[in-house]
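Subject: Structure for you to look at

Dear colleague,

I am passing on the structure below, followed by some notes on what was found in it.

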Amino acid sequence: MTVDRSLVGNRSYWQETWDLNAPSVQLPARAAHVVVGGGIVGSATAYYLAKQGHDVVLIERMHPAHGATGRNGGFIGTGAAEGYNGSMQRLGKKAAQHIHELTLLNARLARELIASEGIDAHYREPGTLNLSISAQDHAEAAASIAARNADGYAGELLDRAALQSMVNTPLGEEIVGAAYFPGHALIHSGRLVRGIVDAAVRHGAKLCIATVERIEQRDGHPVVVTDKGTIQTQSVVLGLNAWSRQIAPALHGIITPVRGQILNTAPTKPVFAQGMGTDLTPTGEYWQQTLDGSIVLGGMRAAATNRDENLYDIGITDEVQNALDTVLPRLFPALQDLPITRRWAGLMGFTPDYVPVVDAMPDMPGVWAAGGFCGSGMPFGIMVGKYLAQAAVEMRTPAEVAPLGLNRPTLKK
Ligand SMILES: Cc1cc2nc3c(=O)[nH]c(=O)nc-3n(C[C@H](O)[C@H](O)[C@H](O)COP(=O)(O)OP(=O)(O)OC[C@H]3O[C@@H](n4cnc5c(N)ncnc54)[C@H](O)[C@@H]3O)c2cc1C
């Protein structure tokens with residue numbers, strides 16, 4: 001079925017329900033630090049630099065939250081994209097725990113930043129529920145929760161009755177139970193990023209709307225070349241995620257763009273207090289009910305023949321959007337025919353080992369980059385911004401983010 005493209009416009013719920021055109025200034029000729037990309041990573045990096053009194057320019061080509069951060073599901077969870085057990089198996093216990101701790105730090109920093117800067121980001125911590133839709137799913141959820149609990153991390157296995165008591169609509173027959181992760185947060189992504197950018201500007205950062213074309217080296221320092229002129233600086237932080245390899249060639253083959261698609265229903269009665277997820281397909285599905293009652297639901301990449309991998313196109317497609325239409329009616333018999341009000345897509349960055357990259361760029365002195373969050377960047381973004389601000393000032397990569405470095409053994413080109 002062809003989806004109704006009059007609903008599209010390719011702007012997300014978060015972008016349509018908040019003004020993201022933060023005041024900007026002309027590109028200066030010089031700045032101590034330049035941050036590129038107005039998503040969660042770039043805005044947080046500029047914020048921490050400005051808050052510590054450093055001279056920083058944040059360059060974004062469209063408006064804050066134009067990229068993945070403004071098009072996502074609005075979850076701030078903890079842990080790496082593959083989950084606790086998956087990360088342990090791939091990375092080993094030490095690295096998996098280290099990365100998990102980084103995401104717990106991110107959760108604390110997000111809470112602090114939002115509170116201290118008074119950002120009305122619709123931030124709440126209801127937790128997330130990951131539905132098991134088969135006995136095998138539930139056994140895997142049990143093993144993952146047991147591994148988390150053994151290492152002192154929160155998580156609870158819920159049977160069907162316990163799950164039903166938390167969801168305000170009858171569960172479909174195939175739902176067996178859920179893994180519950182208390183403390184995971186939900187936010188309005190547009191309000192969050194605009195709030196961080198505004199806070200950065202209050203602390204002295206400058207926002208410039210320009211497209212970065214390349215980074216050159218002059219007299220041992222980076223020069224950022226944009227469509228609005230050049231800017232000389234001591235350090236550059238790239239928060240470009242899916243677009244990283246366009247400016248940092250070393251990230252070719254390491255960060256690959258992958259399209260994620262979402263739909264948004266009209267407001268309905270309160271049904272889901274928690275962030276919700278399940279694996280109807282191997283690439284996963286997720287949804288949250290926003291404070292106005294509408295449901296933001298994404299996933300179903302597996303419905304696309306190429307899984308929407310290795311492209312820069314952010315148009316929606318019938319195959320994935322039609323598949324998204326089936327998720328709520330399949331899982332919750334009472335939720336048939338909710339009117340769809342928006343459909344959109346965004347670009348994620350994926351790495352071969354499902355762990356993000358945060359490191360100095362080889363052959364680009366004074367340049368750091370972060371990206372490759374594999375569809376789960378909100379558990380990292382603010383913490384990464386803090387450490388990248390430190391890197392820019394100290395001109396070396398903080399040891400704390402070593403497990404996210406380019407030299408890690410699991411990252412092979
Ligand atoms: C559909 C979808 C759903 C998702 N859901 C979730 C979720 O619920 N929870 C979660 O944790 N993660 C989720 N993610 C992933 C998460 O949104 C990303 O990992 C995270 O937002 C990445 O943030 P970022 O700041 O690195 O990049 P982005 O937010 O993509 O920001 C990059 C910015 O760089 C700008 N830019 C690009 N090129 C240039 C240039 N040459 N010059 C200047 N500016 C440039 C872009 O306009 C953009 O604003 C989702 C992603 C998608 C696409």
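How do the residues of the shell around the ligand divide into nonpolar, polar and charged? There are 18 nonpolar, 21 polar and 3 charged residues; Ala, Val, Leu, Ile, Met, Phe, Trp, Tyr, Cys and Pro count as nonpolar, Asp, Glu, Lys and Arg as charged, and the others, Gly among them, as polar.

Two points on the source. This is a predicted model, in which local features need pLDDT of at least 70 and side-chain atom pairs count only at pLDDT 80 or more, while totals for chains, interfaces and linings use all residues. Residues are numbered from 1 along each chain as its sequence is written.

The ligand

The ligand has 42 residues around it, of which Gly39, Gly67, Gly73, Gly260 and Gly377 come nearest. A residue is near a molecule if its C-beta atom, placed from the backbone, lies within 6 Å of it. Helix H2 (40-51) and strands S2 (56-60), S13 (256-265) and S17 (340-350) each supply at least two residues of this shell. Helices (H or I, at least four residues) and strands (E, at least two) are DSSP runs, numbered from the N terminus. The ligand lies between domain 1 (7-72 + 190-254 + 353-404) and domain 2 (125-185 + 256-350), because both give residues to the shell. The domain bounds come from an automatic or database domain assignment.

Strand S14

Strand S14 (residues 275-278) is covered on both faces: Gly275 and Gly277 on one side, and Met276 and Thr278 on the other, are all buried (20 or more other C-beta atoms within 10 Å of the residue's own, C-beta atoms being placed from the backbone). S14 runs parallel to strand S4 (residues 128-132), joined by 4 bridges, with Thr128 opposite Gly275. Two strands pair if DSSP finds at least two bridges between them. With strand S15 (residues 285-289), S14 pairs in the antiparallel sense over 3 bridges, and Met276 stands opposite Trp287. S14 and S15 form a hairpin with 6 residues between them, and Gly284 in the turn has a positive phi of about 85 degrees.

A three-stranded sheet

Another item is an open sheet of 3 strands in the order S9-S10-S11, with antiparallel pairing. Strands S9 (212-218) and S11 (229-232) stand at the edges with a single partner strand each, so one side of each is left without a neighbour in the sheet. Strand S10 (residues 221-226) is joined to S11 by 4 bridges, and Val223 stands opposite Gln232.

Regards

How values were computed
A residue is buried if 20 or more other C-beta atoms lie within 10 Å of its own, exposed if 12 or fewer, and partly exposed in between; C-beta atoms are placed from the backbone.
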